[in-house]
Structure formats: C-alpha cells, structure tokens
Amino acid sequence: MSASAIAAVAVAAVAFVATWAAWAAGGFAVDVPWAPAWDLRLSLELDGLGLLYALLAAGVGVLVFAYASAYVPRHLAHEGRPRREEARLHGAMALFLVSMLGLVLARDLVLLFVFWDLTAIASWLLIGFDRANRSARLSALMALLVTTITAVLLLVAILVLRAEYGTTQIDELIAVARPGWAVALAGALIAAAALAKSAQAPLHFWLPRAMAAPTPVSAYLHSAAMVAAGVFLVSRAHPLLALEPALLDGLLAIGLLSIAVGGLLALWATDLKRLLAYSTVSQYGYVVVMLGVGGAAGAAGACLYVLAHALAKSALFMTAGAVTEATGRRELPRLGGLARRMPLLAAGSGAAVATLAALPLTLGFFKDELFFHAAAERGTWLAVAAVASAALTLAYLGRFWGGVFLGRSDAEVRPVPRRLVWPVVALGTLVVAGGIAPGPFAALAEDGAAVTAGGPAPVDVAYHLDGRTENVMALAAWLAGALLLVARPRLQGALSALARAGEAVGPERVYTASLAGLNALSNRIHDVEVRDLRARIAAVLVPASALIALGVVLTPTGGTYAVGPVELEDLPLVLVLAVGALAALATTRPRRHLRLALALSAVGFSLAVVYALLGGADIALVAVLVETLFALLFVGVFSLIPARELRREARRRSTGRTRARNLVIAATSGVVTTLVAWGAFSRPIPDDPAAERYLALADDAHGKDVVTVILADFRGLDTLVEITVVLVAAIAVATLLHGRFRA
Amino acid sequence: MILVAGPLLVLWVAGLALAALDGRRRGVGVLAIAAVAVAFGLQAVLLGRVLADGPQELVAGGWAADVGIRLRVDALGAVFAALSSGIVVAALLQAVATGVRSRSLPALVVFLTLGLSGLFATGDVFSFYVFFELAMIAAYALTAASGTAREVGAAFLFAIVNLVGSFLFLIGIALLYRATGTLEMVAVAEAAGRLEATTAILIAISFFVAFGTKLGLFPFHFWLPTLYATASPPVAAIFAGALANIGAYGLLRFGGAILPNELALSATALIVIGSVSIAYGAIQAIGRRDTREVLAYSSIGHVGYILVALGLGGPVGLAAAVAFSVANALNKALLFLSSELRGRLTAAIFLVGVLSVAGVPPTAGFFGKAALFDAGVRAESWWTVALLFVGGALSFVYVFQIYQHDRWRPREQRERATPLGSAGVGQRLAAGLVALVVLVLGLWPQPLLAAGRDAAEAIVVARGDG
C-alpha cells in the first residue's frame, strides 16, 4: 500500500472510531461565532442522524479506501500512467469523506452549504480522475454542473429562511418556522437541490454517467457519500418540509418516478456498473418515497433503508470492479459461472444482493418491512406501488448476480488481489449479521429517525411468522419479482424502446443539447463582435446618447430648455460661435489630412475668441497656446508618416451605407451633447462660497493674483498630480518611440 | 494624518525615482515592489483605523476644508484602496519574478497605484478626476510598454475608447460644478439633492457611461477582450483586479453617495443593463477556449452583477455590491496571475480562482455571490434572483469547461498552445498569496461581509439620510 492510501484509510478509521467514541461519550458539539456580520456560527453537533451518516461515510470509507489501495495501482498500470497519480485519488477520497462528515455535523445552514458544495467538488475531481479520457471529462462536468447549479437553489432557500426568520441555525429555524410562503418556497428549493444530489428523476442522468470514475469512487459515491447527501438533507430539513404537506406529496411522486425509471433501466442495462447506477437511482427513490410518507414510520424506514443500502451497494460496486479486474469484461451477456471460480466474492455479493432484494436473514429484509409498513399506512395504492417496486428490484438484482455468478461463459479468470475481495466479504457478513441480530442496526436507525420525525420513531424489527400485511406484501413482491426475472427476455424489446426514448427526448438529451447550443450561440455572437475602432467608439457614444435621450424624455424638463434673450451687444459672440460651428461642420468634408487638422484648429481658435469675449483673457491665451501646439503637432506627425500612406488613406471612399451610419452617429452624439450642455447652462449660476474665500485668503498664501494661488497652493495637489500626468505621458511617448515595434 | 498622506507620498517619491532608473534591473523591480508594499501596509492600517474610528481626513496644504482639497478616507475608499494596492503588489511581484522587459514598467505601475490610491482617498470631485487621469494614462503607457505590434494595437484601442469615457466624465464633473457650485463631495451630495430632475439625471448618465466604460460594461466593453487577452498576465491582473475598481468605486461613490436619487430613479435601467452584460459576457465566455479570453468576457459579465446590486439598492444592495466587487477583483487577479503558470501547485492555485469565480465555497467568491442573492431575496425581487441564478449557472459552465480544457485535456488536444514546464517560485508565490486571501476570506468571511456592510454604511451616511 502506498503512503497516500494508508493515510486515506487511516483518516477513515480515525473518523469512524472518533465518531463512535464521541457518541458513546454523550455526543459532541462546537458552537463559535463565524461571521457576526451575517450572524453565522461555526456550529457542529453530533446527533442520531449525523451519527448514522457519519458512521456510514467513515465505515464504508475504510473498506472502500482499502479496496482502492489495491485497485487504483492496477487501474493506472492498465492505462500506462505513473503510479504517483494514485495520491490524487486518495486525497480527493479523503476530501470527500471529510466534507461528508462536515455536512452531517453542520448545524448552521451556510456551513452545511459549504460542505454540500465540497462533496460536489470532490466527486468532480474523482469522476474526472481519468483526465485523458474524454468521456470521463464530460461525465465529471455533467455531475458537477447538475449538482452545483442545483445547489444554488439550496443557497437561495437558506437566504429566504434567513430573511424571514433572521437565523441560519437549523434547530432555531425548525423551532420558529410556521407554514407560509417562505417555508413553502425554501422547502421546495431545498428538496430540488437534495433530489438532484440524490440523482432522482428527472435529474438522475448524471449518476449513470458518473460510472466513468474508477470503481472504488463509484462504490463510495453511490453508497455513503454524494448521493446519500441528498436524502440526508431531506431528512435533516424534514421538520421544515413537513410544514407544507404538498412538498411531501411532491417527494412521494418523484420517489415513485425514480423507482420506476431507475428500476426499468436497471432491468434493461447490460453493463455491470451502469446496471448498478440505475439501481441506485431506484433505491434512493425508496428513501425519498418514505420521506414523502413522513411521520415516524417513514422516518424509521428511510434511515434503516439508507443504512442497509449503503452497505450492500458499496459491496456490489466493489464486486463489479473485482469481476472486471478478473475477467476484463463488464457486460452481463459476456459473463457467467464465476461462482465456482470466485466463491468468496460470490458469497459476499450474494449477501449484498439478498439484502437489497430484502430476502429474510439479511438486514435488508427489515428495510422492506418498514417500507411496506409505511406504504400500507398511507393507502392501498401506495402499497401496490411498493410491491411492484420491490418486485422490480428483486428482478434486476437477481439478473445481476445470476448473470455474473451462475451459468457459464468463456471468460478467462485471472487471480485478483485479496484486497479486492475481502471488503465485499466483510460487508456481506455485516448485512447477514444484521439479518440475524438486527438490534444494533435498528438502534442506529432509530436515533437517526427521531431527528427526522421530530419525535420518537421506533424501528421495530423482528421476524413474525404470521399473515400480517407486510409479510403478505413481501411474499407478493418475491413472487412477482421471480416472474419478472423469468419473463425478462420477452420484455427486452419494450425496455430497449424505453431506454431509446429516454436517450432521444430525456433530460440527458436536454442537458447535452443545451450545452452544445450554448457553445454554438457563443461562437455565433463572437463572430459578430465589433472589431474596428470607429465602431468601438460608436458603441460608447450611441448607447450614451440613447440613455441621455431616455433621461430627457422621462424626467420633467420644465424650464430646463429655455432660450434666453439675445441682445445686440451679443452680436460679436454670436458671430464667432457661428464661425466655430461652420468650422466644425467643415471638419467633416476634407479628405486630405492637413486640411482636416487646420479645420480642427479653426474650431479651437474660434472658441479661444469666445473665451476672450466672455472676459476670460487667461483662458483664451491658454486655448491659443494649446491650439497652436496641436496644429504644429499634427503637422509634425504627418511629416513622419510616409506620404504614400497619407495619400492612400485620403483616396479611400466610404460606401453610402457607412456614410449614412457615420452621419447618424455624429448627429445623435452632437444633438445629445447639446442637450446635456444646454440642460446645465440654462440654470442660474449658484453662489460659490469658495470664490469669496479664495479672494480673502490670497494674501495669506503670499500670492499676487488669485489664479496663481489657486493653482499653486489652494489646489496645488491637483497641479502636482497633473504635472505627474505629463511626466507619465512623456514616459509613454519615450517608450513608444524607443521600442521598435516587435512584430 | 500620516496614514492618509503616507501612501501617496511614498508612491509619488518612488515613482519619480523609478522613472529615472532602468526597470529591467531586478533591484529596481524590487524597489517598486517595496514601495507599493509599504503603501499597501499603510492603507491596510488605515482601513483598520477607519473601520474602528470612522473616516480619516486631511486637507492638502493645511487650509480650511472649503478652500483646500480635502482628502477624506471612509470605509468605502479604504476598502478599495487596500484591495487595489494589495493586488498590485502581487502582480508586480510576478512581473519582476518573470523578468521585466520594459524599462518603464515598474515606474508606470507605481504611478498607476498612486492614481488609484489618490482617487480612493480624495473627497474632492475634481481631484478625483486628476488622480483618475493619472491612473489611466499610466495604464495606457503600461499596455504599450512591452511594445509588440499586437499589444500596441490593443493599447491604442484601449486608450481611445477610454478617452471618450474620460471626456464624458469630465463633462459630467463640469456640469456638476456648474450646477452645485462646489467640488467638495459632501457639499456636492447635499446640493445635488436640490437639482432639477433633468439636470441631475443627465449628470448621472455621464458618470454612468464613464464608469461603465472603465468597468467594461456591455456595450461599452469593446476595448476589453483584446486588451485582457494580449496583455501579459501581471498587467492583465492589474487591469482586472485594480484598475477596474475605479468603475465599481465610481458607481458606488458618484451613484450611491452623491446622486442617490438618480440611482434610485434608474434602478430598473441599471438592472436591465446589468442583466444584458451578465448574459452577454457569460455567453461569449462559454465558447472561448483560451483561458484569458474567457476571463475577459467573464469580467464583462461579472461587472453586470455590481450594477444589479446597485439597482437593488438599500444598505443590503450596496453592501452586496461592495462585497462582490472585492471578491471579483481578487478572483480576476488570481486567475490572470495563475492562467499561464504550469505545475501541480499552480493547478491548485488556479482551481481556487475557478471555484471562487463560480461562487463555490470555501472561497471569497462564494460569499460575494451569496451577498448578491441575499440582496435579491431581501428586496423580494424574484426576477433578479432568477437572473442571478441563470447567470451563475452560465458561469459554472464556462469556468469549469475552460478549466477542464486547459488543465485536464491532453496537451495535444488543446485548441491553444499552453506553456510548458513548471512556474518559478516568485511567479507561484504571487498567485499563491492571492489564492490564500481568497481561501481565507472563504473560510472566515467576517472581514469581507463586514467591509461590505461598513462601506455601504459609509455611502448611506455620506448621502445624509443614514
């Protein structure tokens, strides 16, 4: 065993023992402030429900991690990959375990959410472990997207509850929550997130895909982690969900749908892991149905079911892995007769199959007893559905075990390491022990169920040799299941049709089509993205103009756009402004660059005259200086550009459409700028108290005129920074001129 | 107050000194890192002081507040100042570790940081513009500094489009001064409340377009994708993580604090424009197979969330806008800094950024996203919540798609040549530090959430109705 494998097994073993010890010592609780700004608390507490799931995650973890320590090096060797990649898998498995433990212990919903998403991240890393494999990548992405996007619904639910009740502590919420829209909405969102995580129809499709992961990952993911997290959340939040009976009815419906979809597809599938994956969908359907029935009976049934299922399902996945390792095959029709060659594996997995199919002398018998009890309590129709479900389960599990271990095949059987077999045997022994002495298992389930039911939920397990309803239902289920198993070859056509229909219009198809559609849409939009400079500037100006126009239209303009009186003494000003306007219009005409530059200067010089006429002699001087500099600069730059380039540019004719477009852009920008300026300048000038103060303080600043004092002292910081701006501009110019543009 | 003036003085002196030195020499780079680090340290202390004792003030030249330029650092400014300088420290560290090819880069980065630090610290509208100009011109120069034809092309576009935005901003400031008769922000905010509706909304729109252009909001974003994808990773990190904060801060300061009535009036428009940006950025990002191009479009999408939070308004909405902006700046800086690095450790660092952008715990991005959802839920604006959900779902798609493409796919199947070999220690350290901050804020969100709350409070107090 590599060091990372030993570490992973050790983590799981320590977690198991610590959980057990903490429970035996009377529980465990931590509660410290986390983010007081949001009243979040780091609160972790071990209760019956947490104990059940924590022991499963850690206990099954020990066995699966030990199995992985033998399986993964062989898997890597098959693929010709270096052995050190093993550490990545063990690390992610340990993360998986720790986040499951955190999830089941968390009492603050935000904290719970953190662990909830961590399980999704861990499973993503694990499903995508075989990175070079395209299908592994796609499957990992699918599992991640389905579970994390739906997880956001859980986040919204938490925030809805927080907004309504001011807390994120689950116990406080359960105490204060009352039926109403907030609980209904939050409950529905919680249920949606949980059901997606537990791979319930119609969001079940990611789970069969997730079998792209190495087998130990599947064994863990399907039993004690990830998928279990979904039903755990429903169990944890059940007192809230139970406030709205419609939510429980919804659970019931989705659970039944999942049992049917998963069961029928499991009956159809021939790939070992795929068959088991569909069976997980179906079996968590049972749990969801029982949570939908609710009450003490439902809670008790759900907890015992999760327990029995986790033990058996991990054993079956490990069986599939060992079988594939031994024979190199994973298709049922190509397998058979392994009972003689691998008797221990056959016995261990036989016990696991028996417990899932609820045969007597296994722990699983009692899980179906409780299921039948809960269903019969709800009504005859559900009792009938329950029997049908159990029959379906028996049929596909019988087919799985029989197909692998009975009959005959030409497969060559290579020896496998003992570590691929004994975890299965250990789990098989455990479920048989549970069938003979169910007491400890029942106690574990009972403590868990009490949390879900919000009160005592007795788990009564014993063999009764009488004609009570549950026994009759069990007998009926076995009989129907046996018939179904026999009749299965005739149903193959119908089952294939169902599977094909699912592939053609099912939710997985919706997922892949949306993903492909989004990528295609993205490419199409990308192709039409604006690329030239002119359009990029227009993309700022035109929307800005539209917004300003919208602002003018939507607000009362009373008095803003008044036209003041024009006196005779304004005549020079009007004339100069007219010259400026004409010069501005003239800039649109020239094709030669020099003329264009001169026309631009004409606009600037006429504005300088406007400043002079308005009494701003200093500003006018600055404007003249700037305009002169710019005119010279333009001429200088033109002399640097090869004359041929300038002529070529000048000869370019734009199309009529471009000209029309430019006209519209220019006109709208101009009109809108006018509106803005007019809107501001038509108001009376407000008093500027600072002006008086500047004048009064000019002497204190030892300045002869106020403008100098403002620039050099009162607002000297601005001046200093502006000088720095000039410096930076000089650096930029120097950089550009110095660097020969490398291609 | 030495804490207010200190960072500016340190950066200004260092910038002048560095301008005279050859930035390609390692010692010069280290000096620049030290200067920005000292400024960051002072700003971090200042942030602590502001959160404990309230806004810190200083009037330049020791004049009365109505005569000189008042520097006034409140929680909002202090958060953004420390955030931006911190990101610049990390980016500069990576630039120096990678090897600086342009002699002016360290000086320009220091001047850029000076501009940012100044505009987050000032309480004067015009002084804001001056510092803003300094930061922008340093940014233009920075893009041109490495000097390949493609980069100069991108820099040219960046400069021209942003100059249009700056010009609109200047018009807005002129109008604001004309209408209120003062430049001091608190007084402007008071006077702005008495303006006619049309004048005020036109000023508000000029500011919105100006900051929208800085942020790279749809449809003002067309300069952004090429620039972010062509600039070197540290420079892109400075742009996305520090420079873009001008836009977020500007919208919060000018919209939230100075023109709150106009902000409330345009709530619907803000949410609509924000939504378009979210959808546009996300959908563009989905089809891209170059990490930095994905990041560029993702930036366009993510600034839409800031706008939506502003549109939701109220203390919760503003707090969400701040918390999300902080997380978003950290995420983008982290992703750009780690986008071109290879090796196992850097894959983990990059993954932290990926999770944070998607809003997956335990990262700062998760609490940024949670704050947005909280604002939507509390406003009972279910359309907004649905929008955030869809936008978030799309970001899950592109961010994990590109991660798998870039890090999982066998090298020969990638659509773009990715770098070979492992990154150097300094390069990893720079990205690792930001990743650490993102993780710590994810595990211990109190600073992030409290900063959002306090900054939002500063905005509400500044507008005088708190």
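The dialogue below treats the conventions, the contact between the chains, and then selected residues.

Modeller: This is a predicted model, in which local features need pLDDT of at least 70 and side-chain atom pairs count only at pLDDT 80 or more, while totals for chains, interfaces and linings use all residues. Residues are numbered from 1 along each chain as its sequence is written, chains are lettered from A and ligands numbered from 1 in the order in which they are written, and side-chain values use heavy atoms, with hydrogens and water left out.

Biologist: How many residues does the contact take from chain A and from chain B?

Modeller: Contact means heavy atoms within 4.5 Å. Here chain A contributes 99 residues and chain B contributes 114 residues. Buried area is the accessible area (1.4 Å probe) that two parts lose on being put together, summed over both. For chain A and chain B this comes to about 9300 Å², with 72% of it on carbon and sulfur atoms.

Biologist: How many residue pairs are in polar contact between chain A and chain B, and what does the term mean?

Modeller: A polar contact is a pair of N or O atoms within 3.5 Å; within protein, one must be able to donate a hydrogen and the other to accept it, and residues adjacent in sequence count only if both atoms are side-chain atoms. Between chain A and chain B there are 22 such residue pairs, both residues being at pLDDT 80 or more. Helix α5 (residues 134–165) of chain A supplies the largest share of the side of chain A that touches chain B, namely 15 residues. Helices (H or I, at least four residues) and strands (E, at least two) are DSSP runs, numbered from the N terminus. By class, that side of chain A has 69 nonpolar, 13 polar and 17 charged residues. In this scheme Ala, Val, Leu, Ile, Met, Phe, Trp, Tyr, Cys and Pro count as nonpolar, Asp, Glu, Lys and Arg as charged, and the others, Gly among them, as polar.

Biologist: Which residues form a salt bridge with their closest N and O atoms 2.6 Å apart?

Modeller: Side chains of opposite charge can pair when their charged atoms come close. A salt bridge is a side-chain nitrogen of Lys or Arg within 4 Å of a carboxyl oxygen of Asp or Glu. The pair in question is A:R715 and B:D124.

Biologist: Why does the pair of A:D47 and A:R107 tie together parts that are 60 residues apart in sequence?

Modeller: The closest N and O atoms of A:D47 and A:R107 are 2.5 Å apart, in a salt bridge. A:D47 lies in the loop between β2 and α2 (48–79) of chain A and A:R107 in the loop between α3 (86–105) and α4 (109–127) of chain A, so the pair joins parts 60 residues apart in sequence. A network of salt bridges links A:E45, A:D47, A:R107, A:D171 and A:R236.

Biologist: Are A:D47 and A:R107 buried or exposed?

Modeller: Buried means under 20% relative accessible area, exposed over 50%, and partly exposed in between (1.4 Å probe, protein chains only). Both A:D47 and A:R107 are buried. Another salt bridge joins the side chains of A:R74 and A:E325 at 2.8 Å, N to O. This pair links distant parts of the chain, 251 residues apart, with A:R74 in helix α2 of chain A and A:E325 in helix α14 (residues 295–327) of chain A. A:R74 is partly exposed because its relative accessible area is 25%, whereas A:E325 is buried at 6%.

Biologist: In which sense do strand β1 and strand β2 of chain A pair?

Modeller: Two strands pair if DSSP finds at least two bridges between them. Strand β1 (residues 29–35) and strand β2 (residues 40–45) of chain A pair in the antiparallel sense over six bridges. A:V30 has A:L44 in β2(A) as its bridge partner. The hairpin of β1(A) and β2(A) has four residues between the strands, and A:D39 takes a positive phi near 55° there.

Biologist: With which residues is A:S139 in contact, leaving aside its neighbours within four places in sequence?

Modeller: A:S139 lies in helix α5 of chain A and is buried, because its relative accessible area is 4%. Apart from those neighbours, A:S139 contacts A:I127, A:R209 and A:A212. A polar atom of the side chain of A:S139 lies 3.2 Å from the backbone oxygen of A:R209.
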